[in-house]
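Please look over the sequence and the model below before reading on.

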Amino acid sequence: MSAVPASSVPHPPATGAWRAGDPPGRRQWYAADAPLPLEAGGELPGVRLAFETWGRLAPDGANAVLVLHALTGDSHVGGAAGPGHPTPGWWDALVGPGLALDTDRWFVVAPNVLGGCQGSTGPASARPDGRTWGGSFPFLTQRDQVAAEAALADALGVHRWALVVGGSMGGMRAVEWAVAHPERTGALLLLATTAAASAEQIAWAGGQLHAIRSDPHWQGGDYHDTGRGPHTGLGLARRLAHVTYRSEPELGVRFGRAAQSGEDPWRGGRYQIESYLDHHATKLVRRFDAASYVVLTEAMNAHDVGRGRGGVRAALGRVRARTLVAGVGSDRLYPLAQQAELSALIPAADRLRVIESPYGHDGFLIETEQVAALVREILG
């Protein structure tokens, strides 16, 4: 197995930001013309963002919607599986003609996050000197990622988003958009996210980071050109994370204490729940880069919309956007209290909405009918 997943996308030569005739959902690249200053100090040169679009931008630019993905997501929000995308879009039921994000009406943009491994600049990318960034890739925050997305918006001719929507890590960036660029955020839909990462969320993430860095093939993050990578550590990280993404009742109903077919846990075999986690670990290792997982997880841990802004209350008070905040009732990773805080402190937020789901945190990805209703409501 190669050190970088086969689905990780190399950067093509810079060709400008966008061509109006590009097919919907086709991956495109934006190349910044200047280094990106970073919140932690220094700058990141050679920034590129992969992104996909659906629909057409109106002459006045007023119909643009920004969709922001979660930790291991990418720009492929809607559409069929294809090169670099082993599965259909992760919100395929929401994006398209006549759907909640109706592409006959809205121009939908989905960037791959800065630091990721699906075409945007990240640890697997080449530095200006041609060497791979690897372990020398700089520390990023959500604010850095939003700054890169703001430059992409400028290149696309989008001066104000009709809607910014995101869940989980994407929700962190969405709320950062609304605070950092209130004049550019017309409406806001926040799903299963928070104003600041909690101690428990950092603790869960810390265990995942430790699993990756403890893998002997991590090599300080400089493994990309060695032919081997920290796949065992990344798989362990995914197992830990996936338990927090689902709910205990759902796992109990689906798997209980049943043994995997043909295996005996008393004789070295697995329980069904173990086989399930093994399956998800294998899937992620095939498509995701461990170093990007580390960079993005550290950025999530650093998330605090109130940092340097007088605290969370003062920061959220800057938001001008009409806002809906929704949480998943069974979410144990991003509990409803965090969404309640967002709803209470954002001036133009409506009452907190609850997505009813047995699936835990992943409910914002699975319960597409409920999410579609929220999208239609906020877009009017």
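## Strand pairing, cores and spaces

Strand β5 (residues 64-68) and β6 pair in the parallel sense, over three bridges, where pairing requires that DSSP finds at least two bridges between the strands. Within this pairing, alanine 64 stands opposite phenylalanine 107 of β6. Strands are DSSP runs of E with at least two residues, and helices are runs of H or I with at least four, each numbered from the N terminus. The model is predicted, so that local features need pLDDT of at least 70 and side-chain atom pairs count only at pLDDT 80 or more, while totals for chains, interfaces and linings use all residues. Residues are numbered from 1 along each chain as its sequence is written, and side-chain values use heavy atoms, with hydrogens and water left out.

Strand β4 (residues 48-54) is joined to β6 by four bridges, and these two strands run antiparallel; here glutamate 52 has alanine 110 of β6 as its bridge partner. Because five of the five residues of β6 (residues 107-111) are buried, the strand is largely enclosed by the rest of the structure; buried means under 20% relative accessible area, exposed over 50%, and partly exposed in between, with a 1.4 Å probe and protein chains only. Both faces of β6 are covered, with Phe107, Val109 and Pro111 buried on one side and Val108 and Ala110 on the other.

A nonpolar core is a set of buried Ala, Val, Leu, Ile, Met, Phe, Trp, Tyr and Cys residues joined through side-chain atoms within 4.5 Å. The largest such core has 45 residues, and those with the most contacts inside it are Trp161, Trp177, Leu188 and Leu316. Among the elements that each supply at least two residues of this core are β4, β5, β6, α2 (169-180) and β8 (187-191), while α1 gives the most, with six residues. Leucine 188 touches, among others, Leu163, Ala174, Val319, Leu324 and Ile378, not counting residues up to four places away in sequence; contact means heavy atoms within 4.5 Å. A second, separate core of 31 residues includes Val95, Ala110, Leu324 and Leu379.

In α9, Gln338, Gln339, Leu342, Ser343 and Leu345 are buried, and the buried residues of this helix pack against α2, β8, α3, α8 and β9 (322-328).

The spaces were found on a 1 Å grid over the protein atoms alone: a cavity is a set of points where a 1.4 Å probe fits but cannot get out, a pocket is an open set with protein on both sides within 12 Å along at least five of seven lines, and lining residues have an atom within 4 Å of a point.

The lining of the largest cavity includes Thr141, Glu176, His303 and Arg307. The largest pocket is lined by 45 residues, of which Thr72, Arg238, Arg287, Asp362 and Leu365 lie nearest its centre.
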